[in-house]
Amino acid sequence: MRKLFLLFILCFFIFCEKNEINECFGKINFSTDIYLNNPEFNSFQTGPGWVITYKNSRNILLLKNGINDVTYKAFDLECPNHDCTSPMKFDGGLKMTCSCDQSEYGIIDGSPQNNSARCFAYEYNVRQTSNSTLIITSN
């Protein structure tokens, strides 16, 4: 029984991933409501799209995917390497780019797209509470 327990503990440590996001960003305490009926979110009324919004002192990239089975994603536009004072740029493609060091991050999961970046872009949790309301949180 003891050997089985030790094997379980060993497997637990081997297969657990390290959360690089928290190491790069520290504790971000963030929560905001998004009202999709507001004019800044009009592009979401006609299908997939994206909006950059400023909420609670954070620049947020909000993405809407799908038409019938809609999902939302939200990324903080602070450069994960913390070497910029300006937010990352997004041109509507598949990447966010830090203007200071040209590091790139994918919009699927925030993963670094080149070798100059070691951290992921910070992805927020997005929960849809009604047809016109989203809640974005950091935890």
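Biologist: Among contacts in the protein between residues at least 6 apart in sequence, what share joins residues at least 24 apart?
Modeller: This is a predicted model, where local features need pLDDT of at least 70, side-chain atom pairs count only at pLDDT 80 or more, and totals for chains, interfaces and linings use all residues. Residues are numbered from 1 along each chain as its sequence is written, and side-chain values use heavy atoms, without hydrogens and water. A contact means heavy atoms within 4.5 Å. For the separation you ask about, the share is 40%.

Biologist: What pattern does the protein follow along the sequence?
Modeller: Helices (H or I, at least four residues) and strands (E, at least two) are DSSP runs, numbered from the N terminus. The protein has two helices and nine strands. Read along the sequence, the pattern is α-α-β-β-β-β-β-β-β-β-β.

Biologist: Which residue in strand 9 does Gln128 stand opposite?
Modeller: Strand 8 (residues 123–130) pairs with strand 9 (residues 133–137) in the antiparallel sense, over five bridges. Opposite Gln128 stands Leu134.

Biologist: What percentage of the 139 residues is buried?
Modeller: Buried means under 20% relative accessible area, with a 1.4 Å probe and protein chains only. Buried residues make up 36%.

Conventions. Buried < 20%, exposed > 50% of the residue type's maximum accessible area, 1.4 Å probe, protein only. Pairing = 2+ DSSP bridges.
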